[in-house]
Structure formats: structure tokens, C-alpha cells
Amino acid sequence: MYEPNRKTAATVHRMGRGHADYPHRSRAEELDIQLAGHLSALLAVTDELGLDADAEQIAAHVARLRGTPPARHAGLSGEHTPELHRRAHDLAARVLLVAASRADTGVAILAAEQMDAHTAALAATDLAGAH
């Protein structure tokens, strides 16, 4: 019948060894990576909306977190402006959550301002559509 390989069974269960062989990231480093990713996504939508001043602020934070300037959005998604504002609002909310967890006050303030701006833009669109 089937007989397990005794040589491999012994090596499979060694848990304590080998873990120091690869680099580990700290919680702060993981949050930096996550925050830079969310900010980059927000930057792409902000660029598509043509909000240059806001995009420059976001790009500066991405550059600070990554140590290099971000790649800028070159293409257009073709989404309607209200949908872009909704997506930007959602991304800004994610940025705010990670920034708060990371205790990055500057990015948290920027994210809250972005959420307010996109909420106002959506309200203006709704009012314009009502008339």
C-alpha cells in the first residue's frame, strides 16, 4: 500500500527555520505602500477630471511616500463626470482611512478636503440636472 516518505515529512514540519531568509515589512511600511496605492488611484481620477492643483498636491504625497514621482495618468476611462466624482470620493475615503491608521495628518486632511470637493461637485451636478 501507500507508505509516506519519511524524509520529506520531517522537513515539512520545521516551522522555526528559514523565515529570517526573506525580508519582512513593518506595519508602517505596509501602510505606506497601501496609502501610496490609494493616492495613486485618486491621482489618476483627479488627472482625468482635469483638477490640476489637486492632482499636484496628491502627486507630492505619493512622491514622498514612494521616494519617486508617480507615473501620471495618460489615458481616459471614458466615464461620465459624475461617475468620476463618485469614484474619486470613494478613493479619497479609502485614503482617509489608511492615513488615519498611519497617523498621517497631512494626507488625512487632503483626503477629507477631496471628499468634500467631490461631494460638492456631485451636488452641483444633481442640481444642474434637476433644472
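Predicted model: local features only at pLDDT ≥ 70, side-chain atom pairs only at ≥ 80, totals over all residues.

Student: OK, and which residues touch the most other members of the largest nonpolar core?

Tutor: That core has 25 residues, and those touching the most other members are Leu 35, Leu 39, Leu 42, Val 45, Ile 58, Val 95 and Val 107. The elements giving two or more residues to the core are α2 (27-49), α3 (52-66), α4 (81-102) and α5 (105-130), and the largest share, eight residues, comes from α2.

Student: So at what angle do α2 and α3 pack?

Tutor: Their angle is about 155°, with the axes 9 Å apart, and because angles over 145 degrees count as roughly antiparallel, α2 is roughly antiparallel to α3. The crossing of α2 and α3 is left-handed.

Student: Which residues make that contact?

Tutor: On the α2 side they include Leu 35, Leu 39, Leu 42, Leu 43 and Thr 46, while α3 contributes, among them, Asp 54, Ile 58, Val 62 and Arg 66. By class, the contact of α2 with α3 has 10 nonpolar, four polar and four charged residues.

Student: Changing topic, what is the phi of Ala 103?

Tutor: Ala 103 has a positive phi of about 65°, although it is not a glycine. Most residues other than glycine have a negative phi.

Student: And where is Ala 103, and is it buried or exposed?

Tutor: Ala 103 lies in the loop between α4 and α5, and it is exposed, with a relative accessible area of 65%.

How values were computed
Residues numbered from 1 in each chain as written. Heavy atoms only, no water. Core = buried A, V, L, I, M, F, W, Y, C linked by side-chain atoms within 4.5 Å. Buried < 20%, exposed > 50% of the residue type's maximum accessible area, 1.4 Å probe, protein only. Helix = DSSP H or I, 4+ residues; strand = E, 2+ residues; numbered from the N terminus. Axes fitted to C-alpha atoms, helices over the stretch in contact; angles between N-to-C directions. Parallel < 35°, antiparallel > 145°, perpendicular 65-115°, else oblique. Left-handed = near helix turned anticlockwise from the far one by under 90°. Contact = heavy atoms within 4.5 Å. Nonpolar A, V, L, I, M, F, W, Y, C, P; charged D, E, K, R; others polar.
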